[in-house]
Amino acid sequence: MLGEPGQGQNLKTAVMMAVPMGDFELRGELHQFVLNLVYRQFLDKDFPYFFQHEHVMGCHPVEAARNETVKRFMASECEILWFLDADNMPYKGAEKVLEGPYDVTIGPVPMLIVAGSGNPVVSYNLFTSIDDSNVGVMWQPGNPVRAGGTANMAIRRRVLSDARMHLDPAGSVFKREYGTNGLPLYGEDVDFCRRAGDCGYSVGAREDALCDHAKTFGLNYYQKVVMDQIARVESEGKE
């Protein structure tokens, strides 16, 4: 039986777990994470979610795959659209994005950037502010979130059904513009979050819903890079 959160212990919120495949194969870590949740929905009577999953394959570019997913979602009875990237490595608790409390709830993905000092710094796929050109200020823990990536993002139906969010008669909500060099000028996920906020919907992050991209190696890797560099500097200082 399906329903909204808070309608009773016997009601489960229907979630569409969406994985746009693109050029990636589903990673083993993500596959196991999905299987564990699917089993849990049947084995744990208190688990509040029921999952439908969609793997969108052979649909390019990425914004087209996301819009195809939205189309399937709107034809379903699901209440939450949960985007997960195919190359994700979810941490335990990544599913907490489903709890909200935002209309668009994002799970942070750690990334490595090099600061002006030349030192590696851990950053995230989130922005504290974003302007109309989709240029933003990178987020750090404890600050508000204005936009972020779809690697782990839960979107409530009311956002996707709002005509103000639609970019064409087909109900597309994701767009990405490209420069003359063929590279994207901004991410379709950041643009989506900015427009959702402009329409009055809440956008935020669950700091306890971390996941990694395969291409980012993981937060532990970054911490090791920083610690190795500190150890090397200290060692050189003793010589």
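## A walk through the model, from salt bridges to sheet

Counting each side-chain nitrogen of Lys or Arg within 4 Å of a carboxyl oxygen of Asp or Glu as a salt bridge, the total comes to 18 salt bridges. This is a predicted model, in which local features need pLDDT of at least 70 and side-chain atom pairs count only at pLDDT 80 or more, while totals for chains, interfaces and linings use all residues. Residues are numbered from 1 along each chain as its sequence is written, and side-chain values use heavy atoms, with hydrogens and water left out.

**Stop 1: some salt bridges**

Select Arg164 and Asp162. Their closest N and O atoms are 2.7 Å apart, and the two form a salt bridge. Are these two partners buried or exposed? The scale here runs on relative accessible area: buried is under 20%, exposed is over 50%, and partly exposed is in between (1.4 Å probe, protein chains only). Arg164 is exposed at 53%, whereas Asp162 counts as buried because its relative accessibility is 13%.

Now pick Asp44 and Arg40, whose side chains meet in a salt bridge at 3.6 Å, N to O. Asp44 is partly exposed at 26%, and Arg40 is partly exposed at 35%.

Next, go to Arg194 and Asp198, another salt bridge, at 3.2 Å from N to O. Both sit in helix 4, 4 residues apart, or about one turn of the helix. Arg194 counts as buried, with 10% relative accessibility.

**Stop 2**

Switch to a cartoon view. Helices (H or I, at least four residues) and strands (E, at least two) are DSSP runs, numbered from the N terminus. Two strands pair if DSSP finds at least two bridges between them.

In what order do the strands of the open sheet run? Its 6 strands go 2-1-3-11-5-12, with mixed pairing. At the edges you'll find strand 2 (49-56) and strand 12 (203-205), each pairing on one side only. From one strand to the next, the twist averages 20°; axes are lines fitted to C-alpha atoms, for helices over the stretch in contact, and angles run from 0 to 180 degrees between N-to-C directions.

Zoom in on strand 3 (residues 80-84) and strand 11 (residues 152-156), which pair in the antiparallel sense over 5 bridges. Phe83 stands opposite Met153 in strand 11.

**Stop 3: helices on the sheet**

Contact here means heavy atoms within 4.5 Å. Helix 4 (residues 188-198) packs on the sheet and touches strand 5 (104-106), strand 11 and strand 12; its direction makes about 140° with that of strand 5. Then select helix 2 (residues 62-74), which lies across strand 1 (13-20), strand 2 and strand 3, running at about 155° to strand 1.

**Stop 4: Val19**

Val19 lies in strand 1 and is buried, at 1% relative accessible area. Leaving aside neighbours within four places in sequence, the contacts of Val19 include Leu26, Leu30, Val56 and Leu84. Asn88 is 69 residues away along the chain, and its C-alpha atom is separated from that of Val19 by 9.8 Å.

**Last stop: Phe42**

Phe42 is in helix 1. Phe42 counts as exposed, since its relative accessibility is 60%.
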